[in-house]
Amino acid sequence: MVFYNHDSYERFYKLYSHTVTLGSKAMEWTALVKLHSLRDTPEQRWAQWNAVRPMLAAMNILYYSLFGGSMSHSEWDMVVERNLLTSVEARQLQQYGGFKPFLPICWAIDEARLMVKEKALVDESLNRDLGQCVRDELVHAQFCEIAFEFRVQCGQIVNLLAQPVPFPYFHLLNTMLLIQLLLIGYALACTPNTNPYFGIIIMFLVSLVLVGLRGLAVQLSNPFGKDLVDFDIERFMSDALRNTVALLKVERKPCLKHEPAGMSNPLLDVALPHSGMLPQRSASLSRRGKERFLAEMRDRRGSPVEI
């Protein structure tokens with residue numbers, strides 16, 4: 001019983017690790033899409049969404065397929081209502097005979113390739129030479145790496161769930177549990193000068209603990225369901241969608257060489273010889289005050305002070 005619970009517990013956390021990694025790969029994919037795409041027009045915004053929604057659709061298809069082996073019509077409708085698939089794409093996936101989450105991943109790779117190509121054609125700062133082609137291929141290789149790692153996590157989850165507990169091991173465990181409970185009950189019943197009500201209480205508690213441990217191990221072996229110990233799959237999918245939309249919506253203009261308002265640069269603080277950094281108040285001095293301060297320090301020390 002102890003070994004079986006340990007195996008189920010280890011399997012539970014392996015599945016949890018793959019599930020969390022799946023969400024992290026979706027975030028990495030979204031970050032690459034945001035980094036290597038244009039977003040000045042509504043059409044370019046659609047290019048971003050069309051590149052990320054197939055990955056989210058693949059996650060939804062994987063999780064919904066784990067419950068009963070195939071998705072119901074209502075579950076397909078939910079994926080379409082979330083704007084992750086069109087009706088045509090959903091019908092195409094329903095008719096697809098292979099590993100269904102992998103097909104949207106391939107769609108996402110194709111969308112990313114076209115998005116990178118479009119940016120190279122629009123951006124006038126990029127050179128139209130062999131080097132640009134190589135750079136485009138390197139960027140596309142980054143997308144492929146994350147997409148295939150995403151597929152690996154999907155496959156690991158499916159394969160772990162498909163890996164059955166060895167038939168002799170499971171039924172030997174049940175037989176040992178039954179024999180143990182019978183022997184404990186027989187020993188309590190045959191012990192002289194023992195209150196029968198006390199024996200019933202002991203037998204009930206022992207059976208509750210052993211059978212409960214077995215039931216818990218069975219639930220941990222497959223955490224994709226509606227039991228109390230199962231993963232909150234709907235929350236995983238909604239968090240991935242919310243994080244993706246939030247990341248694509250936020251805008252920030254790079255600062256480059258500009259000085260942000262109300263900020264001082266610790267790399268430009270004045271350093272005194274043999275005395276380390278200046279106090280914090282010197283960093284807030286005006287430029288004229290800094291020049292006067294440096295002149296006074298040169299006169300006092302007799303050596304230049306470097307910034």
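Okay, let's start at the N terminus: the elements of this chain run α-α-α-α-α-α-α-α-α-β-β-α. That comes to ten helices and two strands, where helices (H or I, at least four residues) and strands (E, at least two) are DSSP runs numbered from the N terminus.

Before I go on, this is a predicted model, so local features need pLDDT of at least 70 and side-chain atom pairs count only at pLDDT 80 or more, while totals for chains, interfaces and linings use all residues. Residues are numbered from 1 along each chain as its sequence is written, and side-chain values use heavy atoms, with hydrogens and water left out.

Now, the inside. Of the 307 residues in the chain, 34% are buried. Buried means under 20% relative accessible area, exposed means over 50%, and partly exposed is in between, with a 1.4 Å probe and protein chains only.

The largest nonpolar core has 51 residues. By nonpolar core I mean a set of buried Ala, Val, Leu, Ile, Met, Phe, Trp, Tyr and Cys residues joined through side-chain atoms within 4.5 Å. Among the residues with the most contacts inside this core are Trp-29, Tyr-63 and Phe-143. Helix 2 (42-68) is one of the helices that supply at least two residues each, and helix 2 gives the most, with 13 residues.

So what does Phe-143 touch, beyond its neighbours within four places in sequence? Its contacts, meaning heavy atoms within 4.5 Å, are Trp-29, Leu-32, Val-33, His-36, Ala-112, Met-115 and Val-116. Ala-112, Met-115 and Val-116 are also among the buried residues of helix 5.

While we're on helix 5, here's a check on its length. The helix has 21 residues, 102-122, and should span 30 Å at 1.5 Å a residue; its end C-alpha atoms are 31 Å apart, which agrees. The expected span is 1.5 Å times one less than the number of residues.

Next, salt bridges: a side-chain nitrogen of Lys or Arg within 4 Å of a carboxyl oxygen of Asp or Glu. The count comes to seven. Glu-251 pairs with Arg-45, with the closest N and O atoms 2.5 Å apart. That pair links distant parts of the chain, 206 residues apart: Glu-251 is in the loop between helix 9 and strand 1 (271-272), and Arg-45 is in helix 2. Glu-251 is partly exposed at 42% relative accessible area, and Arg-45 is partly exposed at 28%.

Over in helix 9, Arg-235 and Asp-239 lie four residues apart, about one turn of the helix. Salt bridges that share partners join Arg-235, Asp-239 and Arg-242 into one network.

Last stop, a couple of loops. Asp-230 sits between helix 8 (196-220) and helix 9. Because its relative accessibility is 12%, Asp-230 counts as buried. Asn-83 is in the loop between helix 3 (73-81) and helix 4 (87-95), and is exposed at 51%. The phi of Asn-83 is near 65°, a positive value in a residue other than glycine.
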